[in-house]
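Good morning, and thank you for making time for this. Please take a moment with the sequence and the structure before I go through them.

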Amino acid sequence: MADPCIITVAITGSVPRKKDNPALPVTIGEQVESTQEAFEAGATLAHVHVRDENENPSSDPERFARLQEGVTKHCPGMIMQFSTGGRGRAMEQRGAMLYLKPDMASLATGSVNFPTIVYENPPDFVRSLAKTMLDSDIKPEIEVFDLAMLYNTADLVAQGLIADPPHVQFVFGVKHALPARREILEFEVAQMKKLLPRATWTAAGIGRHQLEVNHWALEMGGHCRTGLEDNVRWDKTTLAPSNAALVRRVAELCAEYGRPVATAAQARALLGLRPAV
Ligand code: ZN
């Protein structure tokens with residue numbers, strides 16, 4: 001039997017405002033509802049950002065707390081992953097909500113250009129976020145936007161700042177970062193297996209590359225990420241009607257590749273997370 005596939009749903013991200021994307025869940029109520037629909041469609045890991053009252057990216061711990069509470073209540077066992085990503089948030093704010101001890105949090109292990117900004121992750125900042133996660137029993141999801149980030153991760157594991165085995169996400173199709181090319185994913189996975197043989201991995205493609213990258217990950221034995229966060233094109237419109245529709249599409253693909261969709265309990269065991277309370 002092939003390994004179950006963990007489907008991550010990235011529900012909101014920092015994609016444009018609701019007026020351009022009516023399907024995008026922005027308020028906490030909409031986010032809980034959209035996550036629940038995605039959970040019922042097969043997603044077992046929710047990657048979340050929150051917005052302030054003007055729909056701008058926010059680090060407000062109170063909003064993260066309400067979202068965490070809603071998802072925990074309506075999606076039993078679902079893994080919560082808080083974004084510590086930079087777009088629209090000051091660096092010192094990006095880990096401000098980690099005291100809420102989500103199951104996981106994203107961690108980019110280097111800097112990279114994004115379409116219009118530098119995604120800044122200086123070495124000291126990465127180490128400090130990694131240490132906070134380690135001390136709070138939060139499993140990082142390592143975001144690999146560029147190849148050096150993979151080697152940086154191996155160094156941080158060797159230094160004891162990231163617990164072994166890490167969970168790694170390879171990201172493709174962000175303008176100015178890595179293009180969506182299968183050879184790159186194959187190389188990255190091969191390197192990861194040498195450096196971090198026990199690591200688990202997933203992959204994400206942005207915009208029109210989303211589905212293509214899901215195919216590669218399923219075929220190569222990885223896990224999948226989908227969701228409206230990644231579905232937005234650079235003309236600022238989404239291609240999908242809902243997070244749940246995107247999850248259903250990946251669940252159908254899993255069947256095509258003979259990969260069962262992981263249950264929440266299976267996803268937790270695969271990632272070495274504590275069982276849901
Ligand atoms: Zn994100």
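Predicted model: local features only at pLDDT ≥ 70, side-chain atom pairs only at ≥ 80, totals over all residues.

Where is Glu53 found? Glu53 is in the loop between strand S3 (50–51) and strand S4 (57–58), where helices (H or I, at least four residues) and strands (E, at least two) are DSSP runs numbered from the N terminus.

Residues are numbered from 1 along each chain as its sequence is written, and side-chain values use heavy atoms, with hydrogens and water left out.

Returning to Glu53, this residue counts as exposed, at 62% relative accessibility; exposed means over 50% relative accessible area, buried under 20%, and partly exposed in between, with a 1.4 Å probe and protein chains only. The side chain of Glu53 is joined to that of Arg63 by a polar contact of 3.1 Å.

Pro16, by contrast, is buried, with a relative accessible area of 18%, and it is found in the loop between strand S1 (7–10) and helix H1 (28–41). From Pro16 to Val171 the C-alpha distance is 19 Å.

As for the whole protein, there are nine helices and twelve strands, and buried residues make up 57% of its 277 residues. Finally, the C-alpha trace spans about 45 × 45 × 40 Å along its principal axes.

Conventions. Polar contact = N/O pair within 3.5 Å; in protein donor to acceptor, adjacent residues only side chain to side chain.
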